Amino acid sequence: MLNTHDIQAQLSARKRNFSLSRELYSDPGVLEADLQHIFYKEWLFAVPACELAKPGAYATMQVGAYPVVIIRGSDNRIRAFHNVCRHRGQRLCSHATGSTQKLVCPYHQWTYDLDGKLLYAREMGEGFDAAAYGLKKVHCIDMAGVVYICLADIPPPIAELAQTAMKYLAPSALQDAKVAFSSTIIEKGNWKLVIENNRECYHCSGSHPSLCRTFSDNPKIGAMDGPDSASPEIMAHWQRCDAAGLPSRFVHQAKMQWRLARVPLLGNAESYTMSTKAAVTKRMGTMPFNDAGSLLMYHYPNTWNHFLADQAIVFRILPISATETEVTTKWLVHKDAVEGVDYDLENLTEVWMNTNDEDRQVVEENQKGILSPAYEPGPYSTIQEEGVIQFVDWYCNIMQDRLAPRPALAAE
């Protein structure tokens, strides 16, 4: 198992625009470093806020060693807590989702309010200070309907992403959405392979017949330099969206940790369906037309999303082991859309259920090949895999900085 020095050496030995070493994709020591320096420190996408529609609704997630519960309080504010009782450490909520009036430990019934305050602890004796044993808080923010958490004591800045997301997601009105379907699969591949696979469409024509009905695999469709520079079809789409008041132009964080841009679907397709037509008759929020394309939003290390006129599809990944990753997909539709009337569930989910399973297969085969002693890092295509290069650069830079932080310069 690699130690910090070994990992630093492998990061330093990386060839520019080449894939990573076998160990960086498979070693348990590297996974532990990834958890300590990325997943325990960065903002992580948790759930769509509409999943917690009413006070008491909760969802749980496991981030490495940390069980977390996200819950809507009686004041309608969404909060996150360590899912650990302050008495003997029992996990409070064991289900993926649920609803409760109070958070009650199943072991000895210590009872917490929805804001984390300890309300009841039986026979703890004189001098017991209940106020000192509220649930431990996890940083939590609802950005226009997408809830992020951060386990760090001092989380990194998120104001720029929050302001951008609130502007770009506002037309989707995610507060008026509901989860129509949720799917969780385990891919037997390292989390970085899952992200790498998502960050390119080099493989799409050979792997995704359903997706390629509507989503272009032309690398120029995703090659954007800024809000006024993109391929002609994207520029024309942005101008149409501008005229309709729909935020669409390319915007990104300086080091490409996140990006948003709305791209047109092939042939003015309306949605990710086999027919290319909208899957839901009720549009999301104030979306002005059915063929508004897909607002692509990713944020490293654990999410990518598609926001369309008729639906939104949000993705969350969480590492399970060095070679296993949990991938959760949720399909959101307008809260008043009725299954069987306004949408057919199979039609809504078919393309991405197919695509997820196809991606699972390519990631798992990728991992199996990397585990071979014959594997050696290969070159990325600078034409087709620009997004992968951006991700790998981001990963290596952040890990090198955090494994061996540079000393602060003294003020002159």
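Guide: Start with helix 1 (residues 4–12) and helix 8, whose axes come within 10 Å and cross at roughly 140°. That makes helix 1 oblique to helix 8, since angles under 35 degrees count as roughly parallel, over 145 as roughly antiparallel, 65 to 115 as roughly perpendicular and the rest as oblique. Axes here are lines fitted to C-alpha atoms, for helices over the stretch in contact, and angles run from 0 to 180 degrees between N-to-C directions.

Visitor: Before going on, what sort of model is this?
Guide: This is a predicted model, in which local features need pLDDT of at least 70, side-chain atom pairs count only at pLDDT 80 or more, and totals for chains, interfaces and linings use all residues. Residues are numbered from 1 along each chain as its sequence is written, and side-chain values use heavy atoms, with hydrogens and water left out.

Visitor: And the helix numbers?
Guide: Helices (H or I, at least four residues) and strands (E, at least two) are DSSP runs, numbered from the N terminus.

Visitor: Back to helix 1 and helix 8. Which residues make the contact?
Guide: Helix 1 brings Thr4, Ile7, Gln8, Leu11 and Ser12, and helix 8 brings Tyr395, Cys396, Met399, Gln400 and Leu403. Contact means heavy atoms within 4.5 Å.

Visitor: What else packs on helix 8?
Guide: Helix 4 does, at an angle of about 145° and with the axes 8 Å apart. Trp191, Lys192, Ile195 and Glu196 of helix 4 meet Val388, Phe391, Val392 and Tyr395 of helix 8. That contact of helix 4 with helix 8 has six nonpolar, no polar and two charged residues.

Visitor: Is helix 4 mostly covered or mostly open?
Guide: Helix 4, residues 191–198, is mostly covered, with seven of its eight residues buried. Those are Trp191, Lys192, Leu193, Val194, Ile195, Glu196 and Asn197. Buried means under 20% relative accessible area, exposed over 50%, and partly exposed in between (1.4 Å probe, protein chains only).

Visitor: What happens at the start of helix 4?
Guide: A side-chain oxygen of Asn190 comes to within 2.9 Å of the backbone nitrogen of Lys192 there.

Visitor: How does helix 4 sit against helix 7?
Guide: Helix 7 covers residues 345–370, and the two pack at about 125° with their axes 10 Å apart. Helix 4 and helix 7 are therefore oblique to each other. On the helix 4 side the contact uses Leu193, Val194 and Asn197, and on the helix 7 side Asp359, Val362, Val363, Asn366, Gln367 and Ile370. Its residues divide into five nonpolar, three polar and one charged.

Visitor: Tell me about Asn197. What does its side chain pair with?
Guide: The Asn197 side chain makes a polar contact with the side chain of His203 at 3.2 Å. A polar contact is a pair of N or O atoms within 3.5 Å; within protein, one must be able to donate a hydrogen and the other to accept it, and residues adjacent in sequence count only if both atoms are side-chain atoms. Asn197 is buried, at a relative accessible area of 11%.

Visitor: What about Glu187?
Guide: Glu187 lies in strand 11 (residues 177–187) and counts as buried at 3% relative accessibility. Leaving aside neighbours within four places in sequence, its contacts include Val194, Asp359, Arg360 and Val363.

Visitor: And Thr273?
Guide: Thr273 is in the loop between strand 13 (258–263) and strand 14 (294–299). Its relative accessible area is 0%, so Thr273 is buried. The Thr273 side chain reaches the backbone nitrogen of Thr276 at 3.0 Å.

Visitor: Which residue has a phi near 65°?
Guide: Gln109, where the value is positive in a residue other than glycine. Gln109 counts as partly exposed at 34% relative accessibility. Ala173 also has a positive phi, of about 45°, and is buried at 9% relative accessibility.

Notes
Nonpolar A, V, L, I, M, F, W, Y, C, P; charged D, E, K, R; others polar.
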